[in-house]
Amino acid sequence: MELGKKKKVILLTIDNVNENIKKILLGTNISFLVILFFSKNYEENKILLETTKKYFEKKEKNSYLKDVIIISEREYLANDLLVKAVITPYNIHSFRYFDFVNYYENCNYENSDEFIKFCATTLNYKYDLYNDKDPWIYHQNNTNVLVLTEDSHQKIMENYHKIKNTIPQIIVSIFTGNKDEKLINLLKLIGADAELTLTFINNKDIAYNKRSDVYIYIENENFKDIGFEFINDVLYYTNYPEGISVLKKYMNIPDKNFDVDIFYDEAAELDKKEKKYYTLNVIPGNSLRREFIYQDENLIFNMGLQKKYVLSKYNKI
């Protein structure tokens with residue numbers, strides 16, 4: 001929402017999307033909140049969403065459709081569809097859409113998040129807001145990422161079935177040694193289709209589990225935040241899979257075969273997997289270039305003068 005601009009709600013449906021998008025593009029002095037109405041026909045919904053993304057999606061870090069809300073009879077996840085929010089009325093046939101529009105266009109809220117929360121009880125709907133602070137599932141530069149932690153475990157168990165668009169290519173786990181077993185069990189259920197599963201730890205005594213492709217040790221109490229910042233910087237290096245391919249090559253992680261194999265022996269395959277341990281350090285940068293380089297047996301990821309990451313192999317005793 002841009003300050004100084006008039007607020008206006010505009011509704012996009014499969015029938016009017018092309019016509020109304022022109023109005024949005026021409027309304028330079030208007031701050032539009034775009035509402036997508038999802039019907040029971042998901043193929044039409046998909047076309048509607050993709051058409052909207054075509055005009056308004058930005059290719060930048062942590063990008064999503066910040067001014068787009070979906071109203072739907074079925075529950076979806078905002079992080080999955082890359083929109084600001086999904087509103088699910090308890091009774092969509094009696095949903096007071098025009099009250100919603102009137103409230104928004106005359107409210108004093110500086111952001112739509114607070115407005116959506118405020119109206120939920122009055123207008124009788126559930127909602128899911130895009131989470132860019134601590135997401136359990138997100139999309140970064142053509143890459144789908146699933147976050148598996150003690151905090152996200154229950155959210156995944158309750159909401160994984162709502163995912164429509166995001167098949168995780170990368171699963172990032174945080175193991176602390178406390179409740180890792182339930183995370184490992186969940187990784188067993190949903191981790192088979194991921195291109196890469198990696199685990200960040202800050203305790204070298206945590207037992208290795210081969211459900212993960214690699215353990216990365218970070219000696220810092222904020223190891224979770226550092227780990228995710230590293231992964232997001234790698235993903236934003238270029239488009240998928242360039243940055244991840246460099247990591248996999250350095251850590252000698254082979255590409256996975258997702259073809260159905262009736263003779264596949266999971267236990268035998270896990271038994272053959274090598275235990276892979278690495279350390280990750282963040283130090284000041286000394287180069288203007290943003291690049292991966294090999295130095296001795298280390299992989300260096302330069303992020304300009306701001307910082308650089310040093311990934312090193314270590315032998316677990």
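Which residues have the most contacts inside the largest nonpolar core? Keep that in mind as you go through the views below.

This is a predicted model, so local features need pLDDT of at least 70 and side-chain atom pairs count only at pLDDT 80 or more, while totals for chains, interfaces and linings use all residues. Residues are numbered from 1 along each chain as its sequence is written, and side-chain values use heavy atoms, with hydrogens and water left out.

**View 1. The largest nonpolar core has 55 residues.** Those with the most contacts inside this core are Leu36, Leu81, Val83, Phe200, Phe230 and Leu311. A nonpolar core here is a set of buried Ala, Val, Leu, Ile, Met, Phe, Trp, Tyr and Cys residues joined through side-chain atoms within 4.5 Å. "Buried" means under 20% relative accessible area, "exposed" means over 50%, and "partly exposed" is in between (1.4 Å probe, protein chains only). Helix H8 (residues 223–235) gives the largest share of the core, seven residues. Helices (H or I, at least four residues) and strands (E, at least two) are DSSP runs, numbered from the N terminus. Zoom in on Phe230: leaving out residues up to four places away in sequence, Phe230 touches Phe200, Leu247, Leu280, Phe301 and Tyr309. Touching, or contact, means heavy atoms within 4.5 Å. There is also a second, separate core of 22 residues, and Trp136, Ile156, Leu186 and Ile190 are among them. As background, nonpolar side chains tend to be buried together in soluble globular proteins.

**View 2. Strand E9 (residues 196–201) is largely enclosed by the rest of the structure, because six of its six residues are buried.** Leu196, Leu198 and Phe200 sit on one side, Thr197, Thr199 and Ile201 on the other, and both faces are covered. In a regular strand the side chains alternate between the two faces of the sheet. E9 also has strands to pair with (pairing takes at least two bridges found by DSSP). Strand E8 (residues 170–174) runs parallel to E9, joined by five bridges, and Ile171 stands opposite Thr197. Strand E10 (residues 214–217) is parallel to E9 too, with four bridges, and here Leu198 has Val214 as its bridge partner.

View 3. Which residues of H7 are buried? They are Asp180, Leu183, Ile184, Leu186, Leu187 and Ile190. These cover an arc of only 165° around the axis, so they end up on the same side of H7; the arc is that of the directions from the helix axis to the C-beta atoms. On the face turned away from that buried side you'll find the exposed residues Glu181 and Leu189. The cover over the buried residues of H7 includes E7, helix H6 (153–159), E8 and E9.

**View 4. Nine strands make an open sheet with mixed pairing, in the order E6-E7-E8-E9-E10-E11-E14-E13-E12.** Strand E6 (137–139) and strand E12 (290–295) stand at the edges with a single partner strand each, so one side of each has no neighbour in the sheet. On average, neighbouring strands of this sheet are turned by 25° against each other, direction ignored. Axes are lines fitted to C-alpha atoms, for helices over the stretch in contact, and angles run from 0 to 180 degrees between N-to-C directions. Look for strand E11 (residues 277–283) and strand E14 (residues 308–313): they run antiparallel and share six bridges, with Leu280 opposite Leu311.

**View 5. A five-stranded open sheet has the order E1-E2-E3-E4-E5, and its pairing is mixed.** Strand E1 (6–12) and strand E5 (125–129) are the edge strands, each pairing on one side only. Five bridges hold the antiparallel pair of strand E4 (residues 83–89) and E5, and Thr88 is found opposite Lys126. Helix H2 (residues 42–56) packs on this sheet, touching E1, strand E2 (30–38), strand E3 (65–72) and E4.

**View 6. Met251 lies in the loop between helix H9 (242–250) and helix H10 (266–272).** Met251 is buried, with a relative accessible area of 0%. Setting aside neighbours within four places in sequence, Met251 is in contact with Val214, Lys276, Tyr278 and Leu311.
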